[in-house]
Amino acid sequence: MDSLIEVSSNKCFEGWQKVYSHESSELGCKMHFGIYLPPQADEDRLPVIYWLSGLTCTEANFIQKAGAQKYASENGIILISPDTSPRGLNIPGEDDSWDFATGAGFYVDAKKEPWKKNYRMYSYITKELPALINAKFPVLLDKQSIMGHSMGGHGALICALKNPGLYKSVSAFAPIANPINCEWGKKAFSGYFGDTDSNNEWKEWDATELSKKYNGPPLTILIDQGKEDSFLYDGQLLPENLINAAKDSGLPLICRFQEGYDHSYFFISTFIEDHILHHLKYLKN
């Protein structure tokens, strides 16, 4: 924690959008994360929402494109936006494709060589990074929520479903909802866990499968999905599988299909206020 270094700081809606770097013990490399500190953070401890980004993204995409700082400032919310994978480890093959390894950690803890030592984004997001944030910034320790987009929507959902009670609420934009049945997920999971799912390892990292057995405090999931999202129609996202699984298990899920919207940050910026207000209902209860 002593390695925390401020990389940038910009005033934004009377608060501060900052980026920090630190040496991660879980990932074995230097990591960056963004944090928005609204003006209320000068005097009070505040609730926190973690944002998980999608394939190819860094901490910068959400900071620069989502427009979330305005609503965080108005409502007294701290926003955390970490990177999406370890970087610069010089593992053979880490930069060979855009949808695996660098920029594509999939928020899992890998079990297969050569990835298992460093590709531990799940433990980084659920343990190491929150411990750092809780120690260094004015957050309320029992008031955290999580949201994300695409691969990060998958990450937000599994983090919440695998850890009942850790997050007060969860939401996602166009999540990869059933990765064991889509090409992105099959590529990532075979690389991180092995070519076959003979021991049901894959299912432990799949929101649709996890929703079938969720047993914890009430958790209402909010999902927005653009109806003009090309990934919806090529079988990468599969929200209908998650909707059906949640319905069968009695897990509350609101999925809104938004006419005319695609997979981009134009879509995210349009509905980000709704998601922050969704989380506020639970964070300030």
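**Figure 1. Q258 in strand β9 of the predicted model.** Q258 sits in strand β9; the model is a predicted one. The residue is buried, with a relative accessible area of 15%. That value falls under the 20% cut-off for buried residues. Setting aside neighbours within four places in sequence, Q258 contacts D224, Q225, G226, K227, F267 and F271. Two residues of that list, D224 and K227, return in the next two views. There, D224 pairs with R256, and K227 pairs with E259.

**Figure 2. The salt bridge between R256 and D224.** The closest N and O atoms of R256 and D224 are 2.8 Å apart. R256 belongs to strand β9, residues 253-258, and D224 to strand β8, residues 221-226, so the pair ties together parts that are 32 residues apart in sequence. R256 is partly exposed, at 26% relative accessibility. D224 is buried, with a relative accessible area of 0%.

**Figure 3. The salt bridge between K227 and E259.** Here the closest N and O atoms are 3.2 Å apart. The pair links distant parts of the chain, 32 residues apart. K227 lies in the loop between β8 and α7 (230-233). E259 lies in the loop between β9 and α9 (265-283). K227 is partly exposed, at 29% relative accessibility. E259 is exposed, with a relative accessible area of 57%. Elsewhere, salt bridges that share partners join E26, D109 and R120 into one network.

**Figure 4. The salt bridge between K11 and E14.** Side chains of opposite charge can pair when their charged atoms come close. In this view, the closest N and O atoms of K11 and E14 are 3.7 Å apart. The cut-off for a salt bridge is 4 Å. Both K11 and E14 are exposed. The structure holds 16 salt bridges. The chain carries 27 positive and 36 negative charges, and the mean positions of the two sets are 4 Å apart.

Figure 5. Helix α5 covers residues 183-193. Eight of its 11 residues are buried, so the helix is largely enclosed by the rest of the structure. The buried residues are W184, G185, A188, F189, S190, G191, Y192 and F193. They pack against α4 (151-162) and α7. An α-helix has 3.6 residues a turn, so residues three or four places apart point the same way. G194 follows α5 and has a positive phi, near 130 degrees.

**Figure 6. A156 in helix α4.** A156 is part of helix α4, one of the elements that the buried residues of α5 pack against. A156 is buried, at 0% relative accessibility. Beyond its neighbours within four places in sequence, A156 is in contact with L52, I146, M147, G148, V170 and S171. A C-alpha distance gives scale: A156 and A72 are separated by 19 Å. Along the chain, these two are 84 residues apart.

**Figure 7. I35 in strand β3.** Strand β3 runs over residues 29-37 and includes I35. I35 is buried, at 0% relative accessibility. Leaving out neighbours within four places in sequence, I35 contacts W16, Q17, K18, Y20, I78, L79, I80 and F137. The C-alpha atoms of I35 and H275 are separated by 18 Å. In sequence, I35 and H275 are 240 residues apart.

**Figure 8. The whole chain, as context for the close-ups.** The secondary structure comes to nine helices and nine strands. The C-alpha trace spans about 50 × 40 × 35 Å along its principal axes. For 285 residues, a compact globule would have a radius of gyration near 19 Å; the chain has 18 Å, which agrees. Of the 285 residues, 58% count as buried. Among contacts with a separation of 6 or more, 71% are between residues 24 or more positions apart. The accessible surface comes to about 11600 Å². Carbon and sulfur atoms account for 48% of that surface.

Conventions: Residues are numbered from 1 along each chain as its sequence is written. This is a predicted model: local features need pLDDT of at least 70, side-chain atom pairs count only at pLDDT 80 or more; totals for chains, interfaces and linings use all residues. Side-chain values use heavy atoms; hydrogens and water are left out. Helices (H or I, at least four residues) and strands (E, at least two) are DSSP runs, numbered from the N terminus. The radius of gyration is taken over C-alpha atoms; the globule rule is 2.2 Å times the number of residues to the power 0.38. Buried means under 20% relative accessible area, exposed over 50%, partly exposed in between (1.4 Å probe, protein chains only). Contact means heavy atoms within 4.5 Å. Accessible areas come from the Shrake-Rupley method with a 1.4 Å probe; for residues, only the protein chains shown count as cover. Lys and Arg count as positive and Asp and Glu as negative; His and the chain ends are not counted. The place of a charge is taken as NZ of Lys, CZ of Arg, CG of Asp or CD of Glu. A salt bridge is a side-chain nitrogen of Lys or Arg within 4 Å of a carboxyl oxygen of Asp or Glu.
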